[in-house]
Every structure is written in C-alpha cells, then in structure tokens.
Amino acid sequence: MKKDNPFTLTFGKQPGEYIYRYESTETIISSFESDNPISQAYLIEGVRGSGKTVLMTTIANTLSEDESWVVVDLNSTQDLVADFAQRLIDACKKLPDLMKTGFNISVAGFGVGINGSSQPQDEVSIIESILSSLKKKNKKVLVTIDEAMPNDNMRHFASQFQIFIRKDYNLFLLMTGLYENIYAIQNDPALTFLLRTPKIKMEPLSIPQITKQYKTIFNMEIEEAHDMAMVTKGYAFAFQALGMLYFEYRDTLSFEDILSKLDDLLDDFVYKKIWEGLTDKDKEIIRTVGPKSNTVSNICQELGIPNTSFPRYRERLMKKGVIYTPERGVVELALPRFAEVIALY
C-alpha cells in the first residue's frame with residue numbers, strides 16, 4: 001500500500017480526504033453551544049459504512065478544541081454509568097483549575113472534598129460531584145457512544161442521564177446506531193426522553209463533491225471523475241474504498257479489475273454484516289430489485305405478493321438504508337454494487 005494514499009478504510013477515523021457534512025455538523029454544534037439548546041442529545045442513525053462514527057468523531061474533535069468542553073467517549077459494551085465515572089475522572093485530571101478548590105476524586109470511588117474531608121461515593125455521586133464542579137467553571141461535558149444497543153445497560157445509563165439533565169448540568173449526549181437499534185431505544189417505554197431526541201439520518205454524500213475530490217486528487221477529466229463518483233452512489237465507505245483502490249492500482253489494473261477489488265472490500269467490511277441482518281423476505285426483494293431500477297409492480301409480480309403489501313417492506317428497507325425510491329412506483333438499491341456482491345452469496 002502506497003504510504004501517501006489519502007484514503008482510509010479505518011472505521012470512525014476522520015480520513016485525509018473527508019467530505020464535510022456541513023448541515024448535520026453545524027446543526028448539532030450550534031445547538032450544543034447555544035445558551036438555550038433545543039436539545040442536549042442527538043442520535044445519529046444510518047446503515048453500516050454511511051459515516052455515522054466519522055460525523056460523531058468530527059463533532060467531538062471540534063468541541064474538544066474548545067477549552068470550555070470536556071469530551072468523554074464511552075464504550076457501549078461496558079457498564080456505561082461506571083465507564084462514564086471513570087472516563088470523567090480521567091478527563092478531569094487534565095484540568096488543574098478544577099482541583100484548586102480542594103476537590104479531588106480517586107478511582108476507588110472516594111471523594112476527597114474541601115479541607116480534606118472524605119466520604120465514600122458511588123459512581124452516580126462521583127459523576128454529580130464532577131458535573132457540579134465543572135458547571136461552576138462554565139464547562140460543558142459531551143458524552144459520545146458509538147453503536148448504541150437497546151439493552152439494560154443503555155436503559156440504566158439513559159435513565160440516569162435524564163436525571164442529570166433535570167438537575168440542569170451542562171451535559172450533552174451524542175450516540176450513533178443502526179436504524180433498528182435506534183428505533184428500539186427510542187421506543188423503549190422506560191426511555192421517554194430519547195423518543196423526543198432529534199435524529200440525524202445519514203444521507204448519501206454529495207456526488208458533485210465526490211466528483212470534485214476525485215478530479216483534484218487524480219488530476220482527471222471531470223467526466224471520468226463523475227463516472228467514478230456515480231459508482232459510489234454517495235456511500236461514504238465506497239467513496240473511501242474506491243479512492244484508495246484507484247490511488248493504488250490505477251497504473252497497473254483496468255478499471256473493471258479495480259471494481260472487482262472494490263466488491264471484495266464492500267463484502268468483507270460491510271455487506272456481509274448488512275446481509276446477515278436482513279430477513280428472508282428482505283433478501284428476496286433485494287435480489288429481485290437487481291442492479292438497476294425496478295418497478296414495484298414487476299417486483300410484486302415476480303415474488304407473488306400483492307401490491308398493497310409491498311409498502312411495509314419498502315418502508316423497512318428504506319429506513320435500513322438499503323433501498324430508495326428515485327421516482328413513484330420505482331425502487332433501486334441504495335448501496336453501490338450491492339446486487340453484484342450478493343449475487344455471489
């Protein structure tokens with residue numbers, strides 16, 4: 001692999017060649033930085049490889065450059081409340097101004113307060129003590145959780161987070177997740193505040209912006225750059241993968257051979273997992289749609305299902321980011337070269 005390749009396949013890392021999602025990024029940052037934020041939490045939803053984690057990372061990095069923000073990244077597989085307490089302690093060790101008041105905290109869970117008085121504290125008390133001190137310093141805390149899951153761990157954390165918000169702490173939450181997981185979290189009766197939390201749905205990247213980047217990087221004609229951009233369908237992972245492969249092999253392989261390698265990367269990194277998460281009926285519909293646009297009536301006729309039943313399948317697959325409707329009565333696969341890859345399964 002060439003050392004100067006500006007593209008990357010590393011999930012979550014902001015790549016060297018990154019198409020900035022201005023609207024989504026500015027919506028969240030401006031809300032969080034407002035004196036009266038419309039929401040102290042946002043959910044970022046999208047299919048695997050759509051750029052959810054990169055968007056969250058970009059926002060977290062931007063805010064962390066501001067001294068008034070403390071950014072805490074939590075691991076969704078851990079006890080989130082305990083992890084939050086530990087990560088908050090670690091972050092505050094980098095804030096000497098916080099400790100000048102005599103406030104300190106140990107990993108063992110004991111708070112050492114003013115004049116050296118000490119008392120045992122549980123994780124929630126530790127978090128509240130730190131949040132209270134940070135608020136006095138006019139500092140805000142951003143919590144990020146990647147690939148949130150609808151489980152008891154999340155219920156416990158989200159319920160406690162809601163209590164922190166009620167107590168008016170400067171606390172903010174940014175979570176990413178697949179459609180089905182975000183849906184399950186938002187519709188959990190125990191997590192009513194998340195039902196009202198705004199969602200950012202990951203849309204395809206701009207084809208003109210992809211075209212411009214390919215044209216600049218590869219010094220190619222705009223028509224050729226546009227043809228490459230169209231291959232990606234605006235899918236963030238495909239933009240990076242095709243760019244990486246073309247940078248590496250454009251002098252030694254034909255474009256068709258590069259596309260074959262692209263299919264392998266799409267399969268290994270994302271499509272296999274996406275396929276495994278689909279129902280048998282979803283898979284039948286996707287195979288029937290094929291590599292190009294197909295009409296709803298033709299799909300229903302081929303599968304032997306009534307036209308009146310199709311909307312619920314279409315709605316589910318659209319929310320999962322697998323298909324879209326370019327025009328009325330027509331559907332098309334939203335994922336680039338998905339039909340070519342699954343044909344080999």
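Reader: What share of the contacts with a separation of 6 or more comes from residues 24 or more positions apart?

Author: This is a predicted model, in which local features need pLDDT of at least 70 and side-chain atom pairs count only at pLDDT 80 or more, while totals for chains, interfaces and linings use all residues. Residues are numbered from 1 along each chain as its sequence is written, and side-chain values use heavy atoms, with hydrogens and water left out. Contact here means heavy atoms within 4.5 Å. Taking contacts in the protein chain with a separation of 6 or more, residues 24 or more positions apart account for 70%.

Reader: And how much of the protein chain is buried?

Author: Along its principal axes, the C-alpha trace spans about 75 × 50 × 35 Å. Buried means under 20% relative accessible area, exposed means over 50%, and partly exposed lies in between (1.4 Å probe, protein chains only). Of the 345 residues in the protein chain, the buried ones make up 50%.

Reader: How many helices and strands are there?

Author: Helices (H or I, at least four residues) and strands (E, at least two) are DSSP runs, numbered from the N terminus. For the protein chain, that comes to 16 helices and 11 strands.

Reader: Let's look at some packing. Are H11 and H12 parallel or oblique to each other?

Author: Axes are lines fitted to C-alpha atoms, for helices over the stretch in contact, and angles run from 0 to 180 degrees between N-to-C directions. Helix H11 (residues 236-249) and helix H12 (residues 255-276) have axes 10 Å apart, at an angle of about 140°. Angles under 35 degrees count as roughly parallel, over 145 as roughly antiparallel, 65 to 115 as roughly perpendicular, and the rest as oblique. H11 and H12 are therefore oblique.

Reader: Which residues of H12 make that contact, and how does the contact divide by class?

Author: From H11 come Phe237, Ala238, Ala241, Leu242, Met244, Leu245, Tyr246 and Tyr249, and from H12 come Phe255, Ile258, Leu259, Lys261, Leu262, Leu265, Leu266, Phe269 and Val270. Ala, Val, Leu, Ile, Met, Phe, Trp, Tyr, Cys and Pro count as nonpolar, Asp, Glu, Lys and Arg as charged, and the others, Gly among them, as polar.

Reader: Then what is the hand of the crossing of H3 and H5?

Author: The axes of helix H3 (residues 80-92) and helix H5 (residues 123-136) come within 9 Å and cross at roughly 40°, so H3 and H5 are oblique to each other. Val81, Ala82, Phe84, Ala85, Leu88, Ile89 and Cys92 in H3 meet Glu123, Val124, Ile126, Ile127, Ile130, Leu131 and Leu134 in H5. By class, the H3 and H5 contact has 13 nonpolar, no polar and one charged residues. The crossing is left-handed.

Reader: Which residue with a positive phi follows H6?

Author: Helix H6 (residues 152-166) has 15 residues and reaches 21 Å from its first C-alpha to its last, close to the 21 Å expected at 1.5 Å a residue. Its buried residues are Asn153, Met154, Phe157, Ala158, Gln160, Phe161, Gln162 and Phe164. With phi near 65°, the residue that follows H6 is Asp168.

Reader: Is Asn219 buried or exposed?

Author: Asn219 is in the loop between H9 and helix H10 (222-232). Its phi is positive, near 50°. At 70% relative accessibility, Asn219 counts as exposed.

Reader: How far is the C-alpha atom of Asn294 from that of Val330?

Author: Asn294 lies in strand S9 (residues 294-295) and is buried, with a relative accessible area of 12%. Leaving aside neighbours within four places in sequence, Asn294 is in contact with Thr288, Val289, Ile299, Gly329, Val330 and Val331. Asn294 and Val330 are 36 residues apart along the chain, and their C-alpha atoms are separated by 5.6 Å.

Key: Expected span 1.5 Å × (residues − 1). Left-handed = near helix turned anticlockwise from the far one by under 90°.
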